[in-house]
Amino acid sequence: MGAAAQATFAAQGDEARGGHGGRWHGPRFSPEIVYVRMLKQFGQPGDTKVTKDEVKAGVDKIFDQIDTNHDGELTPGELRAYRQERIKEWKAAHAKANDDQGNNQAQNDQAKGGQAKGGQAQNDNKGDNGPRHHGPHGRFMHEAGLMRGMMLFHRIDKDENGQISKQEAEDAANKFFDRMDRNHDGVISLDDMPDRPLL
């Protein structure tokens with residue numbers, strides 16, 4: 001829902017500043033990243049497109065996960081708790097992946113006869129690729145993410161009652177889908193991505 005609002009309101013901001021509403025570059029919104037995340041979260045395995053029904057089903061599922069008291073409304077507290085839990089899960093998975101990678105490297109080095117070197121490689125690996133959410137920079141990024149989430153929350157909350165209803169969430173997702181579906185064929189696919197050079 002945050003990505004939906006960010007895309008929608010970035011587009012509205014471009015238009016308000018006299019733009020054409022078709023600007024895809026810039027630091028606030030990357031359709032390629034959102035497209036991949038949508039495929040991963042909403043799409044079918046092996047598919048390269050996302051339909052509006054899949055997005056609606058995905059948003060409804062996320063809504064129900066955030067709505068812990070099941071009253072049909074999302075509060076800032078529920079959204080913050082959901083985000084913190086997802087970050088916690090991501091950190092745990094990231095740390096495990098780094099440990100597994102370090103252990104595999106150490107085993108490969110030991111198999112080649114370099115035990116000491118393998119231990120150093122494992123330590124180097126952890127130092128280079130460990131979770132980056134520790135320290136002042138990590139805290140700043142986390143807090144900035146929460147602030148962005150609260151700003152987007154208020155933009156989705158159309159009736160300004162301090163809560164987001166499922167209808168408000170679905171409306172934001174629909175606007176987002178229409179924004180992403182540049183060729184208006186009813187699906188978000190590679191054809192909707194900006195045709196800009198890799199390098």
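Visitor: Which residues of α7 are buried?
Guide: In this predicted model, the buried ones are Glu168, Ala169, Glu170, Ala172, Ala173, Phe176, Phe177, Arg179 and Met180.

Visitor: OK, and what does the side chain of glutamate 170 pair up with in a polar contact?
Guide: With the side chain of lysine 56, at 3.3 Å.

Visitor: Which residues is glutamate 170 in contact with, leaving aside neighbours within four places in sequence?
Guide: Lys56 and Asp60.

Visitor: Back to the helix itself. How far does α7 reach from its first C-alpha to its last?
Guide: It reaches 21 Å with 15 residues, close to the 21 Å expected at 1.5 Å a residue.

Visitor: Switching to the largest nonpolar core: how many residues has it got, and which have the most contacts inside it?
Guide: There are 25 residues in that core, and Met38, Val55, Met180 and Ile188 have the most contacts inside it.

Visitor: Which elements give two or more residues to this core?
Guide: Those are α2 (31–41), α3 (52–66), α4 (76–111), α6 (135–156) and α7 (166–180).

Visitor: And where does the largest share come from?
Guide: From α7, which puts in six residues.

Visitor: Last one, isoleucine 188. What is it in contact with, leaving aside neighbours within four places in sequence?
Guide: Isoleucine 188 is in contact with Tyr35, Met38, Thr48, Lys49, Val50, Phe177, Met180, Asp181 and Met193. Two of those names, Met38 and Met180, also came up among the residues with the most contacts inside the core.

Note on methods:
Residues are numbered from 1 along each chain as its sequence is written. This is a predicted model: local features need pLDDT of at least 70, side-chain atom pairs count only at pLDDT 80 or more; totals for chains, interfaces and linings use all residues. Side-chain values use heavy atoms; hydrogens and water are left out. A nonpolar core is a set of buried Ala, Val, Leu, Ile, Met, Phe, Trp, Tyr and Cys residues joined through side-chain atoms within 4.5 Å. Buried means under 20% relative accessible area, exposed over 50%, partly exposed in between (1.4 Å probe, protein chains only). Helices (H or I, at least four residues) and strands (E, at least two) are DSSP runs, numbered from the N terminus. Contact means heavy atoms within 4.5 Å. A polar contact is a pair of N or O atoms within 3.5 Å; within protein, one must be able to donate a hydrogen and the other to accept it, and residues adjacent in sequence count only if both atoms are side-chain atoms. The expected span of a helix is 1.5 Å times one less than its number of residues.
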